[in-house]
Amino acid sequence: MPKSNKSIENQIDKAIDHLSNQSKPNIAKTAREFGVPEGRLRRRWKGGKSLFQRQPTGRKLNIEQEKALCEYIDYFDAVRASINRRQIAITTNSILEDSH
């Protein structure tokens, strides 16, 4: 059964700790010892982020814009008014237009 990303990331964290204790780090050997992909360990050793730490690539709104949209939806909830997908899409497009 293939390992999950979470278990591989745990092993990579342990491998990075092991590498940091070495005077001359050998990434390929350490990857074999810990059973992790060498390319992924090399990328993480050079400072790359894991899938769990990276920003999603398909995001259109930044954090502040998303927070504003959530507040807009919460306002409708507070006044007990319904809101549909079309209204959310119109608001989202308006936020994006204002930012560009």
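The dialogue below takes up a few features of this predicted model, one at a time.

Q: Let's start with the helices. At what angle do α1 and α2 pack, and how far apart are their axes?

A: Glad you began there. Here, helix α1 covers residues 5-20 and helix α2 covers residues 27-34. The two pack at an angle of about 140°, and their axes are 10 Å apart.

Q: Which word describes how α1 and α2 lie to each other?

A: An angle over 145 degrees would count as roughly antiparallel. The angle for this pair is about 140°, and α1 and α2 are therefore oblique to each other.

Q: In which hand does α1 pass α2, right or left?

A: The crossing of α1 with α2 is right-handed.

Q: Which residues meet where α1 and α2 come together?

A: On the α1 side, look for Q11, K14, A15, H18 and L19. Their partners in α2 are I27, T30, E33 and F34. Sorted by class, the residues of this contact are 4 nonpolar, 3 polar and 2 charged.

Q: Now the next pair. At what angle do α2 and α3 pack?

A: Helix α3 takes in residues 38-45, and α2 packs with α3 at an angle of about 120°. The axes of α2 and α3 are 9 Å apart. That angle makes α2 oblique to α3. As for hand, α2 passes α3 in a right-handed crossing.

Q: Which residues build the contact of α2 with α3?

A: From α2 come I27, A28, T30 and A31, and from α3 come E38, L41, R42 and W45. By class, this contact holds 5 nonpolar, 1 polar and 2 charged residues. If you compare the two lists, I27 and T30 in α2 turn up in the contact with α1 and also in the contact with α3.

Q: R42 is in that list. Where does R42 sit, and what does R42 touch beyond its sequence neighbours?

A: R42 belongs to helix α3. With a relative accessible area of 32%, R42 is partly exposed. Setting aside residues within four places in sequence, R42 is in contact with I27 and A28.

Q: How far is R42 from S82 in space?

A: The C-alpha atoms of R42 and S82 are 50 Å apart, and the two residues are 40 residues apart in sequence.

Q: Is E9 buried or exposed?

A: The idea is to look at the relative accessible area. E9, placed in helix α1, has a relative accessible area of 9% and is buried. Leaving out neighbours within four places in sequence, E9 is in contact with R40, R44, S50 and F52.

Q: Why are Y72 and F76 separated by about one helical turn?

A: Both lie in helix α4, residues 63-78, and because they are 4 residues apart there, about one helical turn separates them. Y72 counts as partly exposed at 29% relative accessibility, whereas F76 counts as buried at 15%.

Q: One last stop: what does I88 touch?

A: I88 is in helix α5 and counts as partly exposed at 25% relative accessibility. Not counting residues up to four places away in sequence, I88 touches L69, I73 and I83.

Notes: Residues are numbered from 1 along each chain as its sequence is written. This is a predicted model: local features need pLDDT of at least 70, side-chain atom pairs count only at pLDDT 80 or more; totals for chains, interfaces and linings use all residues. Side-chain values use heavy atoms; hydrogens and water are left out. Axes are lines fitted to C-alpha atoms, for helices over the stretch in contact, and angles run from 0 to 180 degrees between N-to-C directions. Angles under 35 degrees count as roughly parallel, over 145 as roughly antiparallel, 65 to 115 as roughly perpendicular and the rest as oblique. A crossing is left-handed if the near helix is turned anticlockwise from the far one by less than a right angle, and right-handed if clockwise. Contact means heavy atoms within 4.5 Å. Ala, Val, Leu, Ile, Met, Phe, Trp, Tyr, Cys and Pro count as nonpolar, Asp, Glu, Lys and Arg as charged, and the others, Gly among them, as polar. Buried means under 20% relative accessible area, exposed over 50%, partly exposed in between (1.4 Å probe, protein chains only).
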